[in-house]
Amino acid sequence: MEEKYRIPEDKYQRLEEILQGYGSLAVAFSGGVDSAFLLAFAWELLPGRVLALTAEAPAFPAWEQEEAVEFCRERGIPQVRVALEWGDLAGFAENPPDRCYLCKRSIFTILKKKAEAEGFSVLADGTNGADVLDYRPGMRALAELGIVSPLKEAGLTKEDIRPWLRRRGISLWDKPSCACLASRIPYGEPITAEKLQAVDAVERFLRGRGFAQVRVRCHGAVARIEVEPAERRRFLLEEDLMELTEKAAKAAGFSFAALDLGGYRMGSLNPAEAESGAAGGRGMGPGQAAEGEETALKGCGGGL
């Protein structure tokens, strides 16, 4: 196994101690790598005493919610799906700079009540030990609501988590990070179902063409496409890819499709980098949206 995917047995042991201290817990599970690891690890340690809670919100990609359902079904983990409507997310549609905090607080308030109704006093999320280094305003909401983050407490990072999933043959061990669809829309621009659906449609098309990591930023009538830097050349080398991508964008409701020449880099739209410009990375223009680590149910920056 590559050195980057080391086996941190000491951290796994610490996580065991933390989870055993809870006795039982509900896990806010999105289908992302971190929450999948926490859920599977807890289920092995505390079989029958773990519940998966999956929020289904307008800005969460439907394909990831489907993967979350399949993950639980395959392992026999009980799961409760919590459907959220626009009205449940106070301030979300207006897309203010603190959108992530408002959204996180709304969602976890509902999930906490659901966990308690199901008989679970502890609700955990998948925030990991490295997330504290990124821009994640949603962490404040988690702290206010008393949500626990056992991966962060144990010091586990994504590089620590992936080998555990890999050893067990869990296919999402190398799944790329994902962020909520709202992170594709600049702050201050209203978030609508039509915009989220348009972004999702183009990203689905590009993933279907083999792009593992892709973001489609919504700039009015323009779909600005970010892919991994090494994959940018595909638009020049693969026959009809540019034409088919433009067709997909127009079918989704955009008038134009543009390739971001800088490529994708996680966190490139974080507000902290907007003013200072992170070393080695691309800055962003005023008002652009933050980019989170994972969609689901974490103290993320660009959304849940």
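This is a predicted model: local features need pLDDT of at least 70, side-chain atom pairs count only at pLDDT 80 or more; totals for chains, interfaces and linings use all residues.
**Aromatic rings**

Two numbers describe a pair of aromatic rings: the distance of the centres and the angle of the planes. Searching the whole structure turns up eight aromatic pairs. Two of them are set out here.

| Pair | Centre to centre | Angle between planes | Type |
|---|---|---|---|
| Tyr-12 and Phe-41 | 6.3 Å | 50° | tilted |
| Phe-37 and Trp-164 | 5.1 Å | 85° | edge-to-face |

Why is the pair of Tyr-12 and Phe-41 called tilted? Its planes stand at 50°, so the pair is tilted; the tilted class lies between stacked, under 30 degrees, and edge-to-face, over 60.

Where do these rings sit along the chain? Tyr-12 is in helix H1 (residues 9-22), while Phe-41 is in helix H2 (residues 33-45), so their pair ties together parts that are 29 residues apart in sequence. Phe-37 also belongs to H2, but Trp-164 lies in helix H7 (residues 158-167), so this pair ties together parts that are 127 residues apart in sequence.

Ring pairs join Tyr-12, Phe-37, Phe-41 and Trp-164 into a cluster.

**Charges over rings**

Arg-140 lies over the face of Tyr-101, 3.7 Å from the ring centre. Over the ring of Phe-211 sits the charged end of Arg-234, at 3.9 Å from its centre.

**Helix H7**

Back to the helix that holds Trp-164. H7 is mostly covered, with seven of its 10 residues buried. Among them are Ile-161, Pro-163, Trp-164 and Leu-165. Lys-158, Asp-160 and Arg-162 are buried as well. What covers the buried residues of H7? The cover includes H1, H2 and helix H6 (150-154). Just after H7 comes Gly-169, with a positive phi of about 70°.

**The sheet**

Three strands make an open sheet. Their order is E5-E6-E7, and the pairing is mixed. Strand E5 (214-219) and strand E7 (256-259) stand at the edges; each has a single partner strand, so one side of each is left without a neighbour in the sheet. From one strand to the next, the twist averages 25°.

How many bridges join strand E6 to E7? There are four, and strand E6 (residues 222-227) runs parallel to E7. Arg-224 stands opposite Ala-258 in E7.

A helix packs on this sheet: H8 (residues 193-208) touches E5 and E6. The direction of H8 makes about 150° with that of E5.

Note on methods. Residues are numbered from 1 along each chain as its sequence is written. Side-chain values use heavy atoms; hydrogens and water are left out. Rings of Phe, Tyr and Trp (its six-membered ring) pair if their centres lie within 6.5 Å; planes under 30 degrees apart count as stacked, over 60 as edge-to-face and the rest as tilted. Helices (H or I, at least four residues) and strands (E, at least two) are DSSP runs, numbered from the N terminus. A charge sits over a ring if NZ of Lys or CZ of Arg is within 6 Å of the ring centre and within 35 degrees of the ring normal. Buried means under 20% relative accessible area, exposed over 50%, partly exposed in between (1.4 Å probe, protein chains only). Contact means heavy atoms within 4.5 Å. Two strands pair if DSSP finds at least two bridges between them. Axes are lines fitted to C-alpha atoms, for helices over the stretch in contact, and angles run from 0 to 180 degrees between N-to-C directions.
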